[in-house]
Amino acid sequence: MNQRFPRVDSDEKVLGTGIYVDDLALPGMVYAKALRTKYPRAKINKIDITKAEKHPDCIRILTAKDVPNNKIGHIRQDWDVLIAEGDITRFIGDGLALVATHHKETLDEVLNLIEVDYTELTPITDPVVAMKEETPKIHETGNILSHEHLIRGEVEQALANSKYVVTQEYHMPIGEHAFMEPECAIGIPEGDGIKVYTAAQSIFDEQHEISRMLNLPAEKVHCVSMLVGGGFGGKEDMSVQHHAALMAWVIKKPVKVKFSRQESFNYHVKRHKMDMVFTTGCDENGKLTALKAVIIADTGAYASLGGPVIQRCLHACRRAL
């Protein structure tokens, strides 16, 4: 029997009584923010935090050497928590240093005092160019995350027997998820572990990645999901959660990290850009008989969930027939 089920969070969201992460103000809480790279692709020669550390409101500045395990990632651990000196950035969202202050209003003042010596390099922004042999490799494993093949039946034979065959190119641009609530997280020391209030889409993924980053058993990382003001896939990856947890773990204080709207636009993961060539066959009545699809998906600088995304695209093509 069919039955309506209301969303569990609908009343408090509509009435404005719900509590989001940014609504929390904990005793002794401080604020943190990452310095992001000036260039999408550049070698970091030197990060000088000397002047920034002298700011009267600065509590602590962390760099890559302060991270117990500097690599995170859902499926493939290829994303640096903070880019180290001597390494190369991969997109403008890469963090170089993490600053904590007593007051959120002074975060940018301290960040602006950090001096970074860059060697700017040409970014790789086209997936077709990225796949060429002569293109510099942004990861040791290369620029191709995965090849996926889904074969059902004899497509060439089916196309040859189709009454009509059409080949068409389709292009889908990068998509901004445009959720109403920007990313926010609070890290809190909890005994010999860490607690994180979060507004992301999977507390279990966060638990695994934060525990890996801090070299802690998973049971020592307690992630609490507050209300999520939209996500649509854009809040599946680490954005501010790991930085809040890292700083809280180091300074033993509650730490809030929040993106502005512009920072959210600039730094969070996006819906994948895709270039597609579809060859479609049908019979004389217009019934589809065959589909041959070649899809190039741009997962950006890091693996993220690019593998499952392209797999789902292939299955969607299969179900179209």
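Against which strands and which helix do the buried residues of helix 6 pack?

Reply: They pack against strand 4 (71-72), strand 10, strand 11 and helix 7 (241-251), where contact means heavy atoms within 4.5 Å. The model is predicted, so local features need pLDDT of at least 70 and side-chain atom pairs count only at pLDDT 80 or more, while totals for chains, interfaces and linings use all residues. Residues are numbered from 1 along each chain as its sequence is written, and side-chain values use heavy atoms, with hydrogens and water left out.

Helices (H or I, at least four residues) and strands (E, at least two) are DSSP runs, numbered from the N terminus. Helix 6 covers residues 203-214. Its buried residues are Glu206, Gln207, Glu209, Ile210, Ser211, Met213 and Leu214; buried means under 20% relative accessible area, exposed over 50% and partly exposed in between, with a 1.4 Å probe and protein chains only. An α-helix has 3.6 residues a turn, so residues three or four places apart point the same way. The length of helix 6 agrees with expectation, because its twelve residues at 1.5 Å a residue should span 16 Å and the end C-alpha atoms are 16 Å apart. The expected span is 1.5 Å times one less than the number of residues. Just after helix 6, Asn215 takes a positive phi of about 55°.

Strand 10, helix 6 and strand 11 make a right-handed β-α-β unit. Right-handed here means that, with the strands pointing away from the viewer, the path from the first strand over the helix to the second runs clockwise. Strand 10 (residues 193-198) and strand 11 (residues 221-225) run parallel and are joined by five bridges; two strands pair if DSSP finds at least two bridges between them. Within this pairing, Ile194 stands opposite Val221.

An antiparallel arrangement is found elsewhere, in an open sheet of three strands in the order 8-13-14. Strand 8 (164-172) and strand 14 (288-298) are its edges, each with a single partner strand, so one side of each has no neighbour in the sheet. From one strand to the next the twist averages 10°, with axes as lines fitted to C-alpha atoms (for helices over the stretch in contact) and angles from 0 to 180 degrees between N-to-C directions. Nine bridges join strand 8 to strand 13 (residues 273-282), and Thr167 stands opposite Thr279 in strand 13.

Phe91 and Tyr302 are edge-to-face, at 6.0 Å centre to centre and 80° between the planes. Rings of Phe, Tyr and Trp (its six-membered ring) pair if their centres lie within 6.5 Å; planes under 30 degrees apart count as stacked, over 60 as edge-to-face and the rest as tilted. Phe91 is in the loop between strand 5 (79-80) and strand 6 (95-101), and Tyr302 in the loop between strand 14 and helix 9 (306-319), so the pair ties together parts 211 residues apart in sequence. Tyr302 is buried, with a relative accessible area of 5%. Ring pairs link Trp79, Phe91 and Tyr302 into a cluster.

For the setting, the protein has nine helices and 14 strands, and buried residues make up 45% of its 321 residues.
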